[in-house]
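Please consult the sequence and the structure shown below while reading.

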Amino acid sequence: QERHGRSTLCVPNGTRLRERRPAVHLSDWELESERYILFLGRFSPEKNCHLLIDAYERIDTDVKLVFAGGSSYTDRYIRELQQHASDRIRFLPWIGGDELDELLTNAMLFVLPSDMEGLSLALLDAMGAGVCVLTSDIPENCELVDGAGFTFRRGDVADLENVMRRLIHDPVMRQAASEAARERIRKHYLWPDLARRIESVYLQLTGEQAA
């Protein structure tokens, strides 16, 4: 507006509400419902998966850490991460569909420790699944999770460790956050509502009327 004298319309990314799925495939991955922390997304350095591993390895817990996602021309980085694979730290192949819904809705905690985001689809999906979320405190994450999740200081492994430790041991705090997250998604980030907003913008630009 200041530079070009033009107003801006913003329609955010969206997601859907997911209900808890029965634990059908979890045993195949040696996981138990509500007993794992989940990172879901692209394995690349700016996502700070290495920071999450470092913080997690400082915590004495039987709650597992699970990575699910894929490469983005980052095979070397993935190999470095996988050197930490163990009974506690699991790396899953790319999954989708019902298996993804099951993995997401049964997680104890979703962590997004990234240095750079837009509006993360994985974070939206986790909140829509009613999972307690913990993110780095970059502005793009804070805008979404403020009052409906938890943050740690970007790049601060000790702070990430401390917040994870507290959330692992406080199910009441996790439950309150998960309910707030679902409500945030229900009010502001459901795809049918956003699709209508996008349609409205296009129709305004073309001067057409809605069918």
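How do the residues of the lining of the second largest pocket divide into nonpolar, polar and charged? In this predicted model, that lining comprises 6 nonpolar, 4 polar and 7 charged residues. The points below describe this pocket, then the largest pocket, and finally the chain as a whole.

**Second largest pocket**
- The space in this pocket amounts to about 260 Å³.
- Its lining consists of 17 residues, and R20, E34, G130, Q175 and S178 are those nearest its centre.
- Helix 7 (residues 171-188) supplies the largest share of this lining, namely 6 residues.

**Largest pocket**
- The largest pocket holds about 310 Å³ of space.
- Its lining has 18 residues, among which L40, G41, R42, L121 and A122 are the closest to the centre.
- Two or more lining residues come from each of strand 1 (36-43), strand 2 (64-71), helix 3 (97-105) and helix 4 (121-128).
- Strand 1 makes the greatest contribution to the lining of the largest pocket, with 4 residues.
- By class, the lining of the largest pocket has 10 nonpolar, 4 polar and 4 charged residues.

**Overall fold**
- The protein chain contains 8 helices and 6 strands, arranged from the N terminus as β-α-β-α-β-α-β-α-β-α-β-α-α-α.
- Of the contacts with a separation of 6 or more, 71% join residues 24 or more positions apart.

**Burial and surface**
- Buried residues account for 45% of the 211 residues.
- The accessible surface is about 11,500 Å², and carbon and sulfur atoms provide 48% of this surface.

Conventions: Residues numbered from 1 in each chain as written. Predicted model: local features only at pLDDT ≥ 70, side-chain atom pairs only at ≥ 80, totals over all residues. Heavy atoms only, no water. 1 Å grid on protein atoms, 1.4 Å probe; cavity = no way out; pocket = protein on both sides within 12 Å on 5 of 7 lines; lining within 4 Å. Points joined across faces, edges and corners; volume = space filled by probe spheres on them. Nonpolar A, V, L, I, M, F, W, Y, C, P; charged D, E, K, R; others polar. Buried < 20%, exposed > 50% of the residue type's maximum accessible area, 1.4 Å probe, protein only. Contact = heavy atoms within 4.5 Å. Areas by Shrake-Rupley, 256 points an atom, 1.4 Å probe, with all protein chains shown as cover.
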